[in-house]
Structures are given as structure tokens and as C-alpha cells.
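Visitor: I have a model open and would like to talk through parts of it. Could we begin?

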Amino acid sequence: MAAKFFFLCVILALSYEHVVCEGEADLWDYVNQGKNAVDVGAKTMGNVAMNAINYIPNPKDIARMNKEIFLGLPSEMLLQGVNMFCSIAMEYDHNLGRNEKYTPNIQNMSFVFYDNDRRIPFKMNELDKLVSYPSFNKNYSTVIFITGWLTRENTENAAARDLAKAYNCLGQHNFIHMDTDNYLNNLYMWSALNTEDIGMQVAPNVVKFIQNGVDIDKIHIIGHSLGAHVAASIGRHFIEIAKRPLPRITGLDPARPCFNEGEAMTNLQRGDAQFVDIIHTNNGGLGKREPIGDADFYPNGMSVLMPGCMSIVCSHLRAYEYFIESVYPENHNGFRAVRCNSLTGVTQRRCKSEPISMGYACPENAKGNFFLEVNPNGLYGLHSKSKTKCTNQMNNSNPGSN
């Protein structure tokens, strides 16, 4: 019953900035108030509002609901509604009506190791087998990549595929994509709530991973969107268990909806690892605007849309696209950023600090907010050179190499 009532609250929140949800209130009046806002964005949602008394979806119905319905709503209205829904709903039920089926179970999650083009999954209780796998090299740096909302079980993720390709080109890295089953692929609010639980369950396995011979100082966790908050949870719980932090967590446009300051869901922030760097590409939209890391990078300034993008989704994805480009050997200095308080300050040369690299080669002593310009297409970094020349090719073309 609580979940049904929460669904009505989110409809209302899409229209009104201040909504009071009280059990004794007249539900029909609330539905009529929310109807106009819902009709603007999605006919289906409008029909639900008109018939809310006769049909209030249960959690199973909501989970099945096509996500494109939500994405079709005007973005500002949608995101305001989601944020308000989370705030209101968690006052009534910290579990948001989520049942056992949608609550993370470590037995269903795995680490997927990329052996060139092959994807080799290992369950969390099989990490000793991963470490002893022939292509896994304990002397290499190990990257664990966590993708965000809409990540599907047992399905190759385009971002993971492209990032694995970049690290393979760079060489001397073990690349792992964390398969979160479908726990980040259901109703967004439940997916957001799951980030903390997933991190809490995965952290002990990361400790075991290290106990099997992986060098802790060579581990880098990267998370995009909701995946950034999963990375944060892993980092926090790792500190509790291991009594020391992981060396680096990179947040690629950490998700904003439901992660409100001072409320129950905890977002990625400085202190979750020894060094936390953030790339913001959809400020105040799907991604957080506030500086939350040791080093926060703002390509194109604190804007909602990135150059070449016409939607918030495109801009949200740019964060991992920029990072992937930065991994390639000739692009480590492709994204040069200057510590400043605005992009204008950089373009008008009012900020005099030395530029540093955003992305793969970001120095781990960087502190502050950094701004830079980017290209709208092609190679996004103003100083990037190539996404085709790999380390082995560069070594072979060097006259001094053997």
C-alpha cells in the first residue's frame, strides 16, 4: 500500500514544488492537481493520473513500466519530481516499497574480466579463480568499472566495451566490468537505493581480491552515473573493513536524482578514497553540479549540455566518452584543465595556474575546481591526437626499441 501511495506522490511532485502527503488528505484532489503536469510529458502517465482511483500500479507494475515514458517528460519537471519523490517517500518508508526481488543479492553479481575481446564472468565468491586466470596479471594495474542506470544482466555494456578497448590499447592493465545483475535496471528510485547495498556487499569481496595478491595501490574504481555512487559505497565500506582507503575513485557525472544533500542516500564524495576525481558533464540535470571530489572537472563550464549535444542524456554520456578518449596513449594530455572558478576565467586567461590533465592522467595531488573547453565531435579533447595508435605500435615505431 505504501508503494501505491508513493506513486501518487511522485505524480504530484511533477507539478508542485511544495506538496504535503498526508494519509487523511483527499486523494482525488491530489490526483486532479497532478494531472495537468503529467499530461504535458506523457499521455500514458496522464491516463494513469485520470484513473488513479481505479488503477494504482503496484511495485511489479511500476518496475515493468517502459522507462521511455519517464524520459519523455520534460527533463526539468521529471528530475524535480524524482528528487521530491525520494525526499517525501523516504520519510514514510526508507525502503521505498522495494521488495526482496529488487534488493541486491551478492550471489547474483559478478566481475566480468575482459580478455581482449572475450568477456569472462566470475562470481564474487570466485575471485581467487579470477586472480589465477592466465590472462590476469597481478603486476598490472586493475581497473573496476561500474556503469549506471539501465545496466542489464549478462549484456555487454557499450561504455564497458569501449573503455576495455582503450585500456587494452594502453596495455598493462587488467580491466573488469562489474555486473550488478538487474539491480540498477529497475525503477530509478529503487536503483538509486540499491547503490549503497551493492557497495556494502561488494566491498568485502574487494578485500578478498587484494588478499589473493592484487596490489591495493594499483586498483582504480571508475563509476558512471549511479555507478559512481556504487563506487563510493564500496570505498566507504572498504575503509571500514581494511582500515585504509582505496587509492582512487573516479566519478563520471555522478547521478543527481535522489542524492540530495543531507538526506538518506549518500553520494560519492571526497574521502571515499585517497583521491576522488569527478568529471561533470550534465550539471544540474542527470548529473550533480556541486564539487564533491578532491578534483572536480567542468568541461564547457557548469552547463547542462555539452558541445555537440541536444539532450541531457547525450551530455550525461559524454563523461565516460571523455574519459575513454583520455586513456589512449596519445591522449593523456588531451584534456588540459585550469584551476579556476569559471570557464570564462580560463578563456580570458584570468586564472594563471598550470594546466593539468583531466581523465586517465589526472595527477592524484590535484585539488580544486578545474575548467576546460572541449570539441563538439571527433576527438573531444582540444589536445587529443589519436584513438588508433596503441602502446605496442608506438614502441614498434620507436627506432630505439628492440
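Guide: What follows concerns a helix, its packing partner and some loop residues.

Guide: This is a predicted model, in which local features need pLDDT of at least 70 and side-chain atom pairs count only at pLDDT 80 or more, while totals for chains, interfaces and linings use all residues. Residues are numbered from 1 along each chain as its sequence is written, and side-chain values use heavy atoms, with hydrogens and water left out.

Visitor: What span should helix H10 have, and how far apart are its end C-alpha atoms?

Guide: Helix H10 covers residues 226-242, and its 17 residues should span 24 Å at 1.5 Å a residue. The end C-alpha atoms are 24 Å apart, which agrees. The expected span is 1.5 Å times one less than the number of residues. Helices (H or I, at least four residues) and strands (E, at least two) are DSSP runs, numbered from the N terminus.

Visitor: How many residues of H10 are buried?

Guide: 13 of the 17 are buried, so H10 is largely enclosed by the rest of the structure. Buried means under 20% relative accessible area, exposed over 50%, and partly exposed in between (1.4 Å probe, protein chains only).

Visitor: At what angle do H9 and H10 pack?

Guide: H9 (residues 188-211) and H10 pack at about 40°, with their axes 7 Å apart. That makes H9 oblique to H10. Axes are lines fitted to C-alpha atoms, for helices over the stretch in contact, and angles run from 0 to 180 degrees between N-to-C directions. Angles under 35 degrees count as roughly parallel, over 145 as roughly antiparallel, 65 to 115 as roughly perpendicular and the rest as oblique.

Visitor: Which residues flanking H10 deserve a look?

Guide: Ser225 lies in the loop between strand E5 (219-224) and H10. Ser225 has a positive phi of about 60° although it is not a glycine, and it is buried at 7% relative accessible area. After H10 comes Lys243, with a positive phi near 65°. Most residues other than glycine have a negative phi.

Visitor: Changing topic, is Arg349 buried or exposed?

Guide: Arg349 counts as exposed, at 65% relative accessibility. Arg349 sits in the loop between helix H12 (343-347) and strand E10 (356-357), and its phi is also positive, near 60°.

Visitor: And what is Ala366 in contact with, sequence neighbours aside?

Guide: Leaving aside neighbours within four places in sequence, Ala366 contacts Phe275, Asp294, Ala295 and Ile356. Contact means heavy atoms within 4.5 Å. Ala366 is buried, with a relative accessible area of 6%, and lies in the loop between E10 and strand E11 (368-372).
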